[in-house]
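Visitor: I would like to learn how to read a model like this one. Please start with what sits around a ligand.

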Amino acid sequence: MKGAGMIRKPFLGLTRQKLDATPLPKGAPPVRQAPVCGTAVLFVPRRFEGAGTCSVKAGDPVRLGQKVGVYSTGEYVISPVAGVVQKIEAHTGAAGEAMTAITFEGQTAGEAEKLFAKPGLGAALECLENAAGGLSLKAFSNPDKPINTVIIIGMDQDLLVTARQQVVRDKAKSISKGVKALKEMVNPGRMVFAVPPALAHEAVETGCEVARIDTAYPKALPALVLAKLGLTVPTGSSPGDSEVAVLSAEAVATLGEACETGAVPMEKYVTVIGKDGASKNIAARVGMPLGAVLAAAGVTAGDGDRVVLGGPLRGTATYSLDLPVEPDTDAILVQDKAAVEGVSDYPCLNCGECVAVCPARVPVNMLIRYLENRLYEDAAKMYDLHSCVECGLCSYVCVAQIPVFQYIMLAKRELARTGAEE
Ligand code: SF4
Ligand code: SF4
């Protein structure tokens with residue numbers, strides 16, 4: 001497989017005129033269950049400090065759904081298998097982040113621990129952070145910044161991806177339970193469910209205010225949904241940093257399932273997109289190797305093919321099929337080696353295509369000059385780096401094939417990292 005790089009215009013024959021979100025077909029087959037796989041890897045976003053700082057060590061037995069404490073700072077993972085801890089080691093994330101990886105080996109069958117037997121915000125923080133769907137309720141625990149609006153996004157965040165729409169269609173009852181639990185736990189004044197018009201019926205059933213969102217890409221991205229609702233988020237902060245919390249429909253379904261069963265849900269929907277652009281939704285456990293999910297979808301990735309976590313516009317190329325499905329992995333895309341193009345080193349032609357297509361009106365043609373020279377703070381101050389809503393369209397239209405989106409994401413991460421260190 002090829003590693004770093006980006007998706008190029010010729011991929012799947014996408015054209016600029018045809019950028020509508022991919023709808024979930026009405027007669028779509030039921031989600032296929034990925035077969036049981038005994039290995040699971042979970043990441044903790046913290047530099048490895050030695051195996052001795054964890055509540056388990058290699059060779060220790062674990063129960064299905066057991067909470068495994070990592071470091072004294074309160075981080076934890078939930079074991080997706082009943083078996084043993086195989087190893088605990090350092091891992092480097094896709095953007096160079098220092099992390100800790102815990103590998104489990106065992107069976108996924110059997111009854112899971114009931115860690116969430118008494119639902120409540122405290123219990124959710126103690127066991128549901130990073131359950132399937134990337135659920136996180138940390139934003140609700142700051143008394144200085146109460147959340148008054150919850151936006152649930154029931155739309156997919158990239159082209160060709162339908163996993164989230166499938167969640168809305170298949171798990172409407174769990175989402176309703178999750179909505180009820182949120183009302184009881186945190187009582188936000190307003191709850192809005194953003195869905196494509198075709199799923200409005202399911203959304204109405206949850207009791208939320210329903211926002212029917214245009215399916216034109218990228219209108220389903222959180223910042224644009226908020227803008228449509230007349231809600232603003234200060235530049236430079238994410239929707240989750242304000243009085244508005246944004247949750248995926250799958251995260252809310254996870255909360256509903258946890259309330260019903262008492263266990264921590266670890267199974268999520270993932271769209272697998274093959275080399276021909278055809279896609280299938282697979283139910284896979286968090287921690288499962290990507291290769292096992294591709295196998296369940298009948299998709300193969302050979303030498304030289306590119307495997308991308310996410311969709312064609314916003315996804316990130318990955319280097320190993322042994323890497324796991326993460327709580328917020330919505331899609332895996334395989335691109336044939338013949339369709340993979342390298343990153344160009346052509347200079348910007350100042351054609352203005354990226355500026356014309358940018359939904360946030362970022363002066364991308366100027367921004368890219370600063371980003372290429374790593375002048376990230378100037379890029380943020382002078383050329384609206386933080387107004388970017390991360391749609392990837394600038395890369396998609398760039399005639400010089402500059403990886404503009406990757407430059408933007410790198411700059412945002414670097415600024416966040418240096419800001420956190422200060
Ligand atoms: S990714 Fe590019 S096109 Fe999209 S909002 Fe950011 S700067 Fe604009
Ligand atoms: S589309 Fe590419 S070449 Fe054209 S102005 Fe933007 S960055 Fe420069």
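Guide: This is a predicted model. Around ligand 2 lie Cys348, Leu349, Asn350, Cys351, Gly352, Glu353, Cys354, Asn365, Cys398 and Ala400.

Visitor: How do the residues of the shell around ligand 2 divide into nonpolar, polar and charged?

Guide: That shell has 6 nonpolar, 3 polar and 1 charged residues.

Visitor: Which domains does the assignment give?

Guide: Domain 1 is made of 11–22, 29–33 and 266–339, domain 2 of 39–107, domain 3 of 127–261, and domain 4 of 353–421. The centres of domain 1 and domain 2, taken over C-alpha atoms, are 25 Å apart.

Visitor: What area is buried between domain 1 and domain 2?

Guide: The size of an interface is often given as the accessible area lost when the parts come together. Between domain 1 and domain 2 about 730 Å² is buried, and carbon and sulfur atoms give 68% of that area. On the domain 1 side, the residues that touch domain 2 are 7 nonpolar, 2 polar and 2 charged. Each of the two domains puts 11 residues in contact with the other.

Visitor: How many salt bridges and polar contacts are there between domain 1 and domain 2?

Guide: The count of salt bridges is 0, while 2 residue pairs are in polar contact, both at pLDDT 80 or more.

Visitor: What pLDDT does the protein average?

Guide: The average is 90, and 92% of the residues score at least 70. Residues 1–16 have a pLDDT below 50, and this stretch has 61 contacts in the model beyond near neighbours in sequence.

Conventions
Residues are numbered from 1 along each chain as its sequence is written. Chains are lettered from A and ligands numbered from 1 in the order in which they are written. This is a predicted model: local features need pLDDT of at least 70, side-chain atom pairs count only at pLDDT 80 or more; totals for chains, interfaces and linings use all residues. Side-chain values use heavy atoms; hydrogens and water are left out. Domain bounds come from an automatic or database domain assignment. Contact means heavy atoms within 4.5 Å. Buried area is the accessible area (1.4 Å probe) that two parts lose on being put together, summed over both. A salt bridge is a side-chain nitrogen of Lys or Arg within 4 Å of a carboxyl oxygen of Asp or Glu. A polar contact is a pair of N or O atoms within 3.5 Å; within protein, one must be able to donate a hydrogen and the other to accept it, and residues adjacent in sequence count only if both atoms are side-chain atoms. Ala, Val, Leu, Ile, Met, Phe, Trp, Tyr, Cys and Pro count as nonpolar, Asp, Glu, Lys and Arg as charged, and the others, Gly among them, as polar. A residue is near a molecule or strand if one of its heavy atoms lies within 4 Å of it. pLDDT is the predictor's confidence in each residue, from 0 to 100.
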